[in-house]
Amino acid sequence: MTITMHEIAVPSFRKHLEALDAILDKAVAYADAKGIERETLLTARLYPDMYTFTKQVTSACDFAKLSVARLAGLTAPVHDDTETTFAELKTRIADTLAVLDQAQPGPMDAAADEPFTIKAGPRELHFTGREYLLHFALPNFYFHCATAYGILRHNGLEIGKRDFMRRMPPA
């Protein structure tokens, strides 16, 4: 049995973006209940040289939308990274989910063995479509999702693995 690029990417990104969206709702309720300024959570980081919570969320969205768009031959929306509220982050996630909805299996699967070159700062990285998805896009996406989760947990939000995983596939 062969698993396709579309089957790997789209459901994985969707599941964790939906989980992230739900965690945002919990963070708002937590901040309001505890009298914490929402901005405190939005600008929180695990360490001074790491991205803020907001940047972790937008980075997760970018890895999902850009990788799927590149592999599916779509044009991803451009975001200015100016989000300053939980509502704006939820909109960013919704925009990303809309890109996933547009992706068709055929073009993504055809891209599996195609060469891909992307700019990462001053460097150019070279992959096949499959390598790009499996060894660059997905690991980066999960890193930013997990770090966003960790920032909120570190700041007292009572969330656990079930919140991160959202729903487990049937056994």
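Reply: Happy to; below I start with the helix, then turn to its rings, the pocket, and a few other places.

A word on the basis: this is a predicted model, in which local features need pLDDT of at least 70 and side-chain atom pairs count only at pLDDT 80 or more, while totals for chains, interfaces and linings use all residues. Residues are numbered from 1 along each chain as its sequence is written, and side-chain values use heavy atoms, with hydrogens and water left out.

Helix α3 covers residues 53–72. Helices here are DSSP runs (H or I, at least four residues), strands are runs of E with at least two, and both are numbered from the N terminus. With 20 residues, α3 reaches 29 Å from its first C-alpha to its last, close to the 28 Å expected at 1.5 Å a residue; the expected span is 1.5 Å times one less than the number of residues. Because 17 of its 20 residues are buried, α3 is largely enclosed by the rest of the structure. Buried means under 20% relative accessible area, exposed means over 50%, and partly exposed is in between, with a 1.4 Å probe and protein chains only. After α3 comes Gly73, with a positive phi near 75°.

The loop between α3 and α4 also holds Asp81. Most residues other than glycine have a negative phi. Asp81 is not a glycine, yet its phi is positive, about 60°. Its relative accessible area is 36%, so Asp81 counts as partly exposed.

Now the rings. A search of the whole structure finds nine aromatic pairs. Rings of Phe, Tyr and Trp (its six-membered ring) pair if their centres lie within 6.5 Å; planes under 30 degrees apart count as stacked, over 60 as edge-to-face and the rest as tilted. One of the pairs is Phe53 with Phe86, tilted, at 6.1 Å centre to centre and 45° between the planes. This pair links distant parts of the chain, as Phe53 is in α3 and Phe86 is in α4 (residues 86–102), 33 residues apart. Both Phe53 and Phe86 are buried. Phe63 belongs to one aromatic cluster together with Phe116, Phe127, Tyr132 and Phe136. There is also a charge over a ring: Lys55 lies over the face of Tyr51, at 5.4 Å from the ring centre. The test for this is NZ of Lys or CZ of Arg within 6 Å of the ring centre and within 35 degrees of the ring normal.

Next, the open space beside the helix. The largest pocket holds about 260 Å³. On a 1 Å grid over the protein atoms alone, a pocket is an open set of points with protein on both sides within 12 Å along at least five of seven lines, a cavity is a set where a 1.4 Å probe fits but cannot get out, and lining residues have an atom within 4 Å of a point. Grid points are joined across faces, edges and corners, and a volume is the space filled by probe spheres set on the points. Of the 14 residues lining the largest pocket, Ser59, Asp62, Phe63, Leu66 and Phe136 are the closest to its centre. The elements giving two or more residues to this lining are α3, β1 (115–120) and α6 (129–154), and α3 gives the most, with seven. By class, the lining has seven nonpolar, three polar and four charged residues. Here Ala, Val, Leu, Ile, Met, Phe, Trp, Tyr, Cys and Pro count as nonpolar, Asp, Glu, Lys and Arg as charged, and the others, Gly among them, as polar.

Ser59 and Thr96 are 37 residues apart in sequence and 11 Å apart in space, C-alpha to C-alpha. Thr96 lies in α4 and is buried, at 0% relative accessibility.

The structure holds one cavity of 30 Å³ or more, and about 50 Å³ of space lies in the largest cavity. Its lining is His16, Ala19, Leu20, Ile23, Cys145, Tyr149 and Phe164, with four residues from α1, the largest share. That lining divides into six nonpolar, one polar and no charged residues.
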